[in-house]
Amino acid sequence: MIVQEDDAGASPSAPRAHAEAFRYTLAVIRDIQARTLLSRVDEIDMWFGLDFGMNLYRGCQHHCIYCDSRSACYGNDRFDEDICVKRNAIDVLREELRRKRKKGVVGTGSMNDPYMPAEADERLTQRALELLAEYGFGVHVITKSTLVLRDVSLLQKVARRSTAAVSLTITTLDDELARIVEPGAPPPSDRLRALRELADAGIEARVALMPVLPFLEDSWDAVRCLVERAHSAGVQAIVASFGVTMRDRQREYFYARLDENFPGLRRIYQERFGDRYVCAAPEAETLRARFEELCAAHGMRTSVRPLLAPSATELPLLA
Ligand code: SF4
């Protein structure tokens, strides 16, 4: 049985075997139907300068221990267990793009990773890029996966009529630490190589340095090294947030993983942050100042601007 999706909360069914090639997943793949695909970003998008958001999947196989998409407000209490494929997504997207009077930049990657392992077989992101190129829309992809390199020629095609940018999220350069905090994603060393290939292909390559986990990823040496390596890889912009946000189920999951991997760290978080949503790194302001200075020295932007609206204001980011 395939169920209709309501974007406020789908109840998927019909599990089907996922590809054996998945490197890491606890999840089963299920089909759902989408009613809509594009959501308009009404305010200026202060993170990535987008006009529309798009999610082709629900759930994510990267299982990052800090992921905000586990929060109760998103209505997905099986975020890590069920990967839902919006089986009719391409038909819905084509119809929505056809009816839009004004073109814009479509962002994907905020609620799940559009290049999670399932994408290797499902190819929803790939087919969505084909449509964006056909209809003259721009794209901004956020991912942790090198699978994005499969679609370089499509990104170039999008860029010929509009704009295309890819942000690889890197929160640490330490592959061992990343294996714990982002257990389903390719190691950051591979992500850096992907950035180099994207930049060499003429695609705007960015780093999303967020979150920066307090007491784990927030040393100046770690941040400095990341900026230097990103610069060497041809990255043009880094957007950073020196801390993490935490809510309800997301916090419970995160603390459980801290208990497994970093005994004692939960208590430090609880004492310092309590129930607060914004959990800034203790030295966030200093990190921000030094980060800005170093990026400026390398000619890398640290804030975003709407990709198709040159007059729009650049906005500084959190922390
Ligand atoms: S890749 Fe992004 S969406 Fe997926 S689990 Fe990690 S933080 Fe969440």
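Two residues count as in contact if their C-beta atoms, placed from the backbone, lie within 7 Å. Keep that handy, and remember that this is a predicted model.

**Exercise 1. Get an overview: how many helices and strands does the protein have, and what share of its contacts joins residues at least 24 apart?**

Start with the elements: there are ten helices and 14 strands. Next, take the contacts between residues at least 6 apart in sequence; 80% of them join residues at least 24 apart. Finally, look at burial: 45% of the 319 residues count as buried.

**Exercise 2. Find out which strands pair with β11.**

First locate strand β11, residues 204-209; five of its six residues are buried. On one pairing, five bridges link it in parallel to strand β10 (residues 164-169), with S167 partnered by R206. On another, four bridges connect β11 to strand β12 (residues 237-240), again parallel; here A208 has V239 as its bridge partner.

**Exercise 3. Which residues touch the most other members of the largest nonpolar core?**

The core has 84 residues, and the ones to pick are V139, V166, L209, I238 and V239. Helix α3 (residues 124-135) gives the largest share, five residues. Then zoom in on V139: beyond its neighbours within four places in sequence, its contacts are V105, V106, L129, L132, V158 and A164.

**Exercise 4. Sort the shell around the ligand by class.**

List the surrounding residues, among them C60, H62, D113 and K144. The tally comes to four nonpolar, four polar and two charged residues.

Technical notes: Residues are numbered from 1 along each chain as its sequence is written. This is a predicted model: local features need pLDDT of at least 70, side-chain atom pairs count only at pLDDT 80 or more; totals for chains, interfaces and linings use all residues. A residue is near a molecule or strand if its C-beta atom, placed from the backbone, lies within 6 Å of it. Ala, Val, Leu, Ile, Met, Phe, Trp, Tyr, Cys and Pro count as nonpolar, Asp, Glu, Lys and Arg as charged, and the others, Gly among them, as polar. A nonpolar core is a set of buried Ala, Val, Leu, Ile, Met, Phe, Trp, Tyr and Cys residues joined through C-beta atoms within 7 Å. A residue is buried if 20 or more other C-beta atoms lie within 10 Å of its own, exposed if 12 or fewer, and partly exposed in between; C-beta atoms are placed from the backbone. Helices (H or I, at least four residues) and strands (E, at least two) are DSSP runs, numbered from the N terminus. Two strands pair if DSSP finds at least two bridges between them.
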